[in-house]
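Biologist: Hey, can you walk me through how these two chains meet? Please put the structure up before we start.

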Amino acid sequence: MKTLLVIIITSALVNNVLLSQFLGLCPFLGVSKKSNTALGMGMAVMFVITISSGISSVIYTYVLLPWDLTYLNTIVFILVIASLVQFVEMFLKKKIPSLYRSLGVYLPLITTNCAVLGVSLLNVQKSYGIVESIVNGFATSLGFLLAIMIMSGLRERMEENDIPESFQGIPIVMITAALMSIAFYGFAGLI
Amino acid sequence: MKYSMFKSTYVERLYNGIIRENPIFVLTLGICPTLAVTSSATNGFGMGLTTTFVLTFSNFLIAALRKVIPDRVRVPSFIVIVATLVTAAQFLLQAYVPSLYESLGIYIPLIVVNCIILGRAESYASKNPALASLFDGLGMGLGFTLALTILGGLRELIGAGTLFNYPLLPSFYQPVTIAILAPGAFLVLACMIATQNYLRKKSGKPKKNCSCGVEGCGLCQGELPTRKDEKGEKA
């Protein structure tokens, strides 16, 4: 239980996926203009990362390890993620249309989100078991949701500010991210 | 005749990738590895060359197979080709440059999901002949390498006072360590893009549109694709 708690704090706050690992920055910079789209993206990412880290961990433990195929993990994981995203999209469309309407747009964007593949690979690198992998996936995506929500809130307030012309758009968002990253450094004291 | 043709397509592709549509400075694609590995010029250069290797061969293979791959399954097929090349690159690095393999770590397998690679596959290699695509990949890769080396060099120079591990600044210079930490990556790249915006505005050139063909790259689209776009894409 204690190790799981440490994993949650480390992955969500200390080693935040966006601000210290630099994974999944495309949606972080691109889809953080409004907080409701940021929330949708964050939820979809959470959904996919938690499931995909579980499935890829199961495949790694029961298929790749026993047959000595660990060198194939990049190819296997990316295929698992791509087909999982398709499958989740189809499942939600058929069974839970209300959830599909709120998350559906974001799902196709997730296949190329490097955070998803990154978490699966990190689970292997840190030799986490299946439960630990799922918890790590959940915590990492919680960190993603947290960071993208903070960013979208800040960006909504920045709209009315007078930003130097050269810094408008991506540069000012990156400077905001840098300040958030400095703030998140403070969490290192927690562990 | 032959030379002028060579010049018009292949040299143009190289120039396009390195200068005119530089993936980092002009298109802002593939930001994740750019920020993550550029804590030193050596790492940036190594990552750039690895990506160039993958991009050149993936563009070539995809262009060569473009008539064989059915349109409906093209993205998964591209991903398999890219993932195979990335695994090969990973083995080569592990065998011949183990120090770089150690310092790049997880970001080598993550080349698979680099927007630049799938973006070029979708927007160029799937529509053009193999050799032109090879040069397109080479140009884009070298442009990426150039950008990563400059960014890594700047961060290393500010943050540690060295360049390619060679001490460059006088000893009384106090290194600003934050430049090689995570926040420094955002700060330095933000300032570089802002400088570029300023220069572009001064010379009166309009901003380039992004040619990234991948849905996943929300960055260059600025906003989400609407439901309608998606249907059009699938039809």
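Biologist: How many salt bridges are there across the interface of chain A and chain B?
Modeller: The rule finds 1 salt bridge there, counting a side-chain nitrogen of Lys or Arg within 4 Å of a carboxyl oxygen of Asp or Glu. Keep in mind that this is a predicted model, where local features need pLDDT of at least 70, side-chain atom pairs count only at pLDDT 80 or more, and totals for chains, interfaces and linings use all residues. Residues are numbered from 1 along each chain as its sequence is written, chains are lettered from A in the order in which they are written, and side-chain values use heavy atoms, leaving out hydrogens and water.

Biologist: OK, which side chains meet in that salt bridge?
Modeller: A:Glu165 pairs with B:Lys201, at 3.6 Å from N to O.

Biologist: And how much area do chain A and chain B bury between them?
Modeller: About 4100 Å², with 77% of it on carbon and sulfur atoms. Buried area is the accessible area (1.4 Å probe) that two parts lose on being put together, summed over both.

Biologist: How many residues does the contact take from each chain?
Modeller: Chain A gives 47 residues and chain B gives 45, where contact means heavy atoms within 4.5 Å.

Biologist: New topic: which element gives the largest share of the nonpolar patch?
Modeller: Helix 7 of chain B, with 4 residues. Helices here are DSSP runs (H or I, at least four residues), numbered from the N terminus.

Biologist: Where does A:Leu179 sit?
Modeller: You'll find A:Leu179 in helix 9 of chain A.

Definitions and conventions: Helices (H or I, at least four residues) and strands (E, at least two) are DSSP runs, numbered from the N terminus.
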